[in-house]
Structure formats: structure tokens, C-alpha cells
Amino acid sequence: MLDRHELEAFLTLAEELHFGRTAERLRVSTSRISQTIAKLERRVGVPLFDRTSRRVELTPLGRRLHEEVRPAWQQIISAFEQAVAAGRGLTGTLRVAFVGAAGGQLLVGAAELLRRREPGCDVQLREAQMVDLMPWLRDGEVDVALGTFPVEEPGIATGPVLVSEARMLAVPSGHPFARRESVSLEDLARVPLLQLPGTLPDSLREDRTPRTTPSGRVIEPGPSAATFNEMLTLIGAGHGVLPVGAQARRYYVRPDVAYIPFSDAPPLRWGLLWRTDNSTARVRAFVQAAGGLVGGHA
């Protein structure tokens, strides 16, 4: 196999056909180029260049090798340069996923702010279903996702909390809970609790759909669903309940579902997620723009 220095020496000498100019371009000594080419020719078994006191020319085999290797090497260099530009620069497209109407509204504002700050950076917003959010993020389908915390996953970074909202319980409109002013976490032991998709992090599912109440009473697990609307349909049909954020009252009004505040549950917290190996300049700039938007520093 050729190493990088041998490839660079061979391809550059094939272009320059002059050891001195090749050495100057590669910022090494002429003797280093001579030694590298000689070593390469020994490995190949035949000369790649004809050398005289007046000129340097490719041999037929050297010309063939150059014609076959040069396009591949240029492709490698181009791919690497694009990767560096994507990692360090702020041009190009950032793909951002959200779940639900409220999340989309927040990200629209962050995207507009980033475009004003960095005109060369475009933001593509995509709606994801609950079941798809983490697979999209891990598979590189999107660069950033807006989700609820806590998310404690290997390889996944989390930004600061952008929004906190009151936690409520979505119940069938005909359920006795629907006539109450509030419910408690202990009330979850009295009804089946719908389960979030298994593709979501364990830390998030344990927070949203716990197995026991704070006092240790067992909570009956209900069915699971892939989307939030499927969850609401199951709730309306009387198959269980689900803790949700207060924004659901505004964006998901349904005659068969009621939203009752918790009296003792912590708020739901929203923030951005991205892969730790994809912490590019674009990702960091979007996280800053989202923080600036909700913090009033646009």
C-alpha cells in the first residue's frame, strides 16, 4: 500500500517533472523526494520515471499509474476538505427535527435568527414522530433535535434547557379525573399509564412513564404508540393516561381528551440534542441562536 507521503511525492513529480519544484511544493528537500521515489520504485519493481540530466519523464507504467491514482486521490482530498469546511464553517444546511407543533414554532424562530446571523447557513426543519426522533439523530438523518429532558444517552449531547412548562395529565374526557382541578403523582397508581416508544432513551421514559409512584405504589403499564396523536387516540378511547406538557391544551384540543394539572410534579423541560461526534460549528451556532431567542438576546 502507498502511504500519503509517497502518493504526494509521486503525483506532484508527475505534474512538475522536476525534482526541485516538487520539493518546493511539498516543502521538503530534493533528496527527500529522490529517496521517496526510489523507495516507491523498488516496491513497484520497475522505474516510474526516466531521469536524465536535462529532463524527467514518466515511464509508460508510471503514466498509467498516474492516470489511475490521480482521480481517486483528488476525490479523497475533496471529501476531506468538505468535511473540514462542514466542521469549521457556517455555510451549508443544518437539518433540525422537532416533535409537535409547539416545538416547530420554537425552532422556526431559532432558524430565522441563525439565518440573520449567518446568511450562508440554511436550516431545514423536519417534523419527526416520537418513535423516529432518536433513530434520526443517531443515523445522521438530522443534525439537531428538539426533545424533552432528561436524555442520558452515550454519544448524545444536550444543550441548556430552553423551555419549561407545567406537567399535566391527559385523561379521557369522561374519566372522573377530568372533573378535578388537579391530580397528584400518586393518582397514577389508579389508572393504566400509556408507554412511550422504546426508541426513546430509558432516562426519558422513566421520567415520563414511571413504574411506581413516589411512595412506591405500582403503576399499571398501558399500551404504547409511535406518535403523539396515536397516544391521544388511545387516551380518548379509555385505554390509559399520559403526562404531557401544558402546551398540549393549546395545540391538541380534542373533545375526547382532557388535560388536568399536576399539583406535585416537576415541569417538563425542553432542549436541543445532537450527536457528540457531530458538534460542528453549525450545530453550536444553532444552539446559541435558540438560547438567544428564548433568553431575549436575539
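In helix α1, the residues Glu6, Leu7, Ala9, Phe10, Leu11, Thr12, Leu13, Ala14 and Glu16 are buried, where buried means under 20% relative accessible area, exposed means over 50%, and partly exposed lies in between (1.4 Å probe, protein chains only). The structure is a predicted model, in which local features need pLDDT of at least 70 and side-chain atom pairs count only at pLDDT 80 or more, whereas totals for chains, interfaces and linings use all residues. Residues are numbered from 1 along each chain as its sequence is written, and side-chain values use heavy atoms, with hydrogens and water left out. Helices (H or I, at least four residues) and strands (E, at least two) are DSSP runs, numbered from the N terminus.

Helix α1 comprises residues 4–16, and at 1.5 Å a residue its 13 residues should span 18 Å, which agrees with the 18 Å between its end C-alpha atoms; the expected span is taken as 1.5 Å times one less than the number of residues. At its N-terminal end the helix is capped by aspartate 3, a side-chain oxygen of which lies 3.1 Å from the backbone nitrogen of histidine 5. Such a polar contact is a pair of N or O atoms within 3.5 Å; within protein, one must be able to donate a hydrogen and the other to accept it, and residues adjacent in sequence count only if both atoms are side-chain atoms. Threonine 12, also in α1, counts as buried at 7% relative accessibility, and its side chain reaches the backbone oxygen of glutamate 8 at 2.6 Å. With neighbours within four places in sequence left aside, threonine 12 is in contact (heavy atoms within 4.5 Å) with Thr22, Arg25 and Leu26.

Arginine 27, with phi near 60°, occupies the loop between α2 and α3 (30–44) and is exposed, its relative accessible area being 78%.

An open sheet of mixed pairing is formed by five strands in the order β4-β3-β5-β12-β6, two strands being taken to pair if DSSP finds at least two bridges between them. Strands β4 (121–127) and β6 (156–165) stand at the edges, each with a single partner strand, so one side of each is left without a neighbour in the sheet. Direction ignored, neighbouring strands of this sheet are turned by 25° against each other on average. Within the sheet, β5 (residues 144–148) and β12 (residues 268–275) pair in the antiparallel sense over four bridges, and alanine 145 stands opposite leucine 273 in β12. In the loop between β5 and β6 lies proline 150, which is joined to phenylalanine 149 by a cis peptide bond with omega of about 5°.

Valine 287 of α10 counts as buried at 14% relative accessibility and touches Pro160, Leu272 and Trp274, residues up to four places away in sequence not being counted. The C-alpha atoms of valine 287 and glycine 159, which are 128 residues apart along the chain, are separated by 7.0 Å.

A nonpolar core is defined as a set of buried Ala, Val, Leu, Ile, Met, Phe, Trp, Tyr and Cys residues joined through side-chain atoms within 4.5 Å. The largest such core has 33 residues, and those with the most contacts inside it are Phe228, Leu242, Val244 and Tyr259. At least two residues of this core are supplied by each of α6 (133–139), β7 (167–172), α8 (228–236), β10 (242–245) and β11 (257–261), with α8 giving the most, five residues. Apart from this core lies another, of 24 residues, among them Leu94, Ala110, Trp274 and Val283. Beyond its neighbours within four places in sequence, leucine 242 is in contact with residues including Met168, Leu169, Ala170, Phe228, Met231 and Ile235. Strands β7 and β11 run antiparallel and are joined by five bridges, the bridge partner of alanine 170 being tyrosine 259 in β11; four of the five residues of β11 are buried.

How values were computed. Axes fitted to C-alpha atoms, helices over the stretch in contact; angles between N-to-C directions.
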